[in-house]
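User: I would like to go through this model term by term, setting each value against its definition.

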Amino acid sequence: MNLEEYFRRIGFHGSYDKPDLGTLKLIHKQHVMSLPFENLSMHCGERITMDLEVIFNKLVRSNRGGWCMENNSLFGWALRKMGYDPVTLGSRVFNSAINDFGPNASHLINKVVIDGKAYITDVGFGVSCQVWEPLELVSGKEQPQAAGIFRLIDKGDIWVLEKTGRKPKVVNPEFAKSSLVNRVETKQIYCFSLVPREVDHFLEMCLKLQTDPNTLFTNKTICSLQTPTGFRALLGWTYSEVTYKPEEDVDVLDMRDIPDEEIDQILRERFNIKLQNKLQPVNKTACYTL
């Protein structure tokens, strides 16, 4: 594992002599524009692991993406190699089905302190809740990004990440009432404490998310990649291209269903992913929106 390979993978050609905020913002954005958020391995008969060398070989050398535990573990490794001092945190994702945060930490994020200021980095959430740049850990501060306005709220024992977005404008009439379309203007994304976590903290959850028949990831194949104008996503058989139009206060959604025989082509052409094993797409009912 070496930084030069990672830099080539994310298209980073700058200097990293000093671990400053500008460099952190740049590699954060380059990462989410280059490495998809995806859970395809578990639907190809493969096991997702927390082993960093396995993650590096998959995401960097095999041109794949991964879910939060893979993307943010890789990003944390890169930050340490660059001279930053990231701290791994665990977060609980908001579940609209129960109108509360999940009971266990299923989402891995990192905290970085630069010049006395703390920032949350997260390159592994995907779709419209993906931040492109680190968020300053200041309660209530509105932090506008391409996807909308993000806020971190200090609730005492936990912090909550929320986002105010724009109205969806669905191009395709047949998807106007799709459950994949988010219609909640301001929503909570996840909550977290500032207690540092080691990799071992996530091992049990990593296995559960792949094997429990009730989890989001066993019920839906997900692949999303950020683009300079928004993001693209393949959820089950539904392919979407989302364009952010803040000047019109809308997100434009262009959605269509993909036949089985075109899935591999879409993954290659739109996400730069070539799977080694046959994907079995899944799109069962689950609380998940673009």
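User: Which residues lie nearest the centre of the second largest pocket, and how many residues line this pocket?

Analyst: This is a predicted model, in which local features need pLDDT of at least 70, side-chain atom pairs count only at pLDDT 80 or more, and totals for chains, interfaces and linings use all residues. Residues are numbered from 1 along each chain as its sequence is written, and side-chain values use heavy atoms, with hydrogens and water left out. The second largest pocket has 14 lining residues, and those nearest its centre are Ser41, Glu46, Lys58, Arg64 and Gln276. A pocket here is an open set of points on a 1 Å grid over the protein atoms alone, where a 1.4 Å probe fits and protein lies on both sides within 12 Å along at least five of seven lines; a lining residue has an atom within 4 Å of a point.

User: How do the residues of the lining of the second largest pocket divide into nonpolar, polar and charged?

Analyst: Six are charged, four polar and four nonpolar, where Asp, Glu, Lys and Arg count as charged, Ala, Val, Leu, Ile, Met, Phe, Trp, Tyr, Cys and Pro as nonpolar, and the others, Gly among them, as polar. Helix α3 (residues 52-61) gives the most to this lining, with three residues.

User: Why is the contact between glutamate 5 and arginine 61 called a salt bridge?

Analyst: The closest N and O atoms of glutamate 5 and arginine 61 are 2.8 Å apart, and a salt bridge requires a side-chain nitrogen of Lys or Arg within 4 Å of a carboxyl oxygen of Asp or Glu, so the pair qualifies. Because glutamate 5 lies in helix α1 (residues 3-10) and arginine 61 in helix α3, the pair ties together parts that are 56 residues apart in sequence.

User: What makes glutamate 5 buried or exposed, and how is arginine 61 classed?

Analyst: Buried means under 20% relative accessible area, exposed means over 50%, and partly exposed lies in between, with a 1.4 Å probe and protein chains only. Glutamate 5, at 17%, is therefore buried, whereas arginine 61, at 43%, is partly exposed.

User: How do you know that aspartate 251 and arginine 166 form a salt bridge, and which parts does the pair tie together?

Analyst: Their closest N and O atoms are 2.8 Å apart, which is given as a salt bridge. Aspartate 251 lies in strand β15 (residues 250-257) and arginine 166 in the loop between β9 (159-164) and β10, so the pair ties together parts that are 85 residues apart in sequence. Both aspartate 251 and arginine 166 are buried. Elsewhere, salt bridges that share partners join Glu38, Glu46 and Arg64 into one network.

Key: Helix = DSSP H or I, 4+ residues; strand = E, 2+ residues; numbered from the N terminus.
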